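This report describes the fold of a single protein chain. Please keep the sequence and the three-dimensional view at hand while reading.

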Amino acid sequence: MTMEETVRALTDLSEVDRRLAAESELTKRAANSLEGRRAALREAIPGNFLAAYDDLGRAGRRPAVVALVRGAHCGGCYMRIPPQLEGFVRRGQSLCSCPHCRRLLFAPAPAAESGSGLEPTRHAAKPGPAVKRAAANRGRPKKPRPS
Ligand SMILES: [Zn+2]
């Protein structure tokens, strides 16, 4: 390496180090702000739900909180949930656990449900698509599976 090349390499290295330092400073700041948000959220969430959330996390079930998809299916394990439980979830009275994977279930906003990615977006803008689809799913033969 000539002296000229060495000087160029050193100035390049200096620039790379400067960018790396700036990058890690940004990352550190982002991490700090996420930590702060995390602490605030954990503070606000009722203890029993937080405990359930942590249990699911330890069990490797992430995301631990999922929306219903395709009418009455868990957005985590995609198993069908019983109609009674679906009713509970949709009324939003409490967070219910999926009977198959224990993830916490919530009802998606009607507009969001069509975007769950499992099916092409049909019924997209009509009112009450979830209700209609749930009714349709109920009458549709499904692959047999042990109950
Ligand atoms: Zn599930």
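Which residues does Val89 touch, not counting residues up to four places away in sequence? Val89 touches Leu68, Cys96, Leu105, Phe106 and Ala107; here two residues are in contact if their C-beta atoms, placed from the backbone, lie within 7 Å.

The model is predicted: local features need pLDDT of at least 70, side-chain atom pairs count only at pLDDT 80 or more, and totals for chains, interfaces and linings use all residues. Residues are numbered from 1 along each chain as its sequence is written.

**Overall fold**

The chain contains five helices and four strands, and along the sequence they follow the pattern α-α-β-β-α-β-β-α-α. Helices (H or I, at least four residues) and strands (E, at least two) are DSSP runs, numbered from the N terminus. Of the contacts with a separation of 6 or more, 41% are between residues 24 or more positions apart.

**The sheet**

The four strands form an open sheet with mixed pairing, in the order β2-β1-β4-β3. Two strands pair if DSSP finds at least two bridges between them. β2 and β3 are the edge strands, each pairing on one side only. Strands β1 and β4 run parallel and are joined by three bridges; Ala67 stands opposite Phe106 in β4.

| Strand | Residues |
|---|---|
| β1 | residues 65-69 |
| β2 | residues 73-74 |
| β3 | residues 96-97 |
| β4 | residues 104-106 |

**The core and the first helix**

Of the 147 residues, 14% count as buried, meaning that 20 or more other C-beta atoms, placed from the backbone, lie within 10 Å of the residue's own. The largest nonpolar core has 12 residues, including Tyr53, Val66, Leu68, Val89 and Leu105. Such a core is a set of buried Ala, Val, Leu, Ile, Met, Phe, Trp, Tyr and Cys residues joined through C-beta atoms within 7 Å. Two or more residues of this core come from each of α2 (47-58), β1 and β4. In soluble globular proteins, nonpolar side chains tend to be buried together.

Helix α1, by contrast, is hardly covered: the count of buried residues among its 42 residues is zero. Helix α1 (residues 3-44) should span 62 Å at 1.5 Å a residue, and its end C-alpha atoms are 61 Å apart, which agrees. The expected span is 1.5 Å times one less than the number of residues.

**Confidence**

The mean pLDDT, the predictor's confidence in each residue from 0 to 100, is 83 for the chain, and 75% of the residues reach 70 or more. Confidence is highest in β2, at 96, and lowest in helix α5 (residues 129-139), at a mean of 51. Over residues 119-129 pLDDT stays under 50.
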